[in-house]
Amino acid sequence: MKKNIIKTLTLLTVVVAMVSCNKQPSKMDGENAANEEAQGVRIAYVEVDSIINQYEYAKLMNDSLEKMGANATTILNNKDKELERSYNSIQTKLQNNGFTSEQQYKNAVAAFEQERNNRVALEARLSNELMQKQADFTKALHDSVNNFLEDYNKDKKYDIILRTGIANEVILYADKKFDITQDVINGLNNRYKKQEVKVENENKE
């Protein structure tokens, strides 16, 4: 980021020097003009982690994902117990000479193998459904925040709004005076409550 700022200031200095060449400004005058121009850029940042933790819609979706994951775990654990019972049943029957023929034993093993394959397929399906749900949630949250920021920025007039608080952060450090996170969270939650009330009223009609 520091390199980008230096590059911007350098370009601004060159531009100022070019348009003011007839006045032959000093080097300090050019730097002051560049600094004044740079200060005209309005920048803010938002902590994404805080939005995920405090935005009611994000919390609701996160709870839904956790429940979906917990339900998938329960289903797979039950299937594992069924497989264990089937395996133990075959072993016990084999040890007690319970199979009347080799073919009967082979059929029992084949049925167990099919159960195990079904369990593997089930895990893959549940995993894919959870990942798809996660992807849908991420997109919905991204669209929700972006749509809000478009309206929010009509009055605020920020030139750049950066993000922080997640992997691959855009910024490493910024003064807290540029932090608009809480303002954005409050706005998102107010809009979400209005949408919820609107849906409730429509359902009553």
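Start by selecting R119 and E123, whose side chains meet in a salt bridge with N and O 2.5 Å apart; the term means a side-chain nitrogen of Lys or Arg within 4 Å of a carboxyl oxygen of Asp or Glu. You are looking at a predicted model, where local features need pLDDT of at least 70, side-chain atom pairs count only at pLDDT 80 or more, and totals for chains, interfaces and linings use all residues. Residues are numbered from 1 along each chain as its sequence is written, and side-chain values use heavy atoms, with hydrogens and water left out.

Stay with this pair for a moment. R119 and E123 sit 4 residues apart in helix α5 (residues 102-156), about one helical turn; helices are DSSP runs (H or I, at least four residues) and strands are too (E, at least two), numbered from the N terminus. R119 is buried at 15% relative accessibility, while E123 is partly exposed at 38%. Buried means under 20% relative accessible area, exposed over 50%, and partly exposed in between (1.4 Å probe, protein chains only).

Next, select K79 and E82 in helix α4 (residues 56-95), 3 residues apart. Their salt bridge has its closest N and O atoms 3.8 Å apart. K79 is partly exposed at 34%, and E82 is also partly exposed at 34%.

Now move to K176 and D179, another salt bridge, at 3.2 Å from N to O. K176 is exposed at 53%, whereas D179 is partly exposed at 23%.
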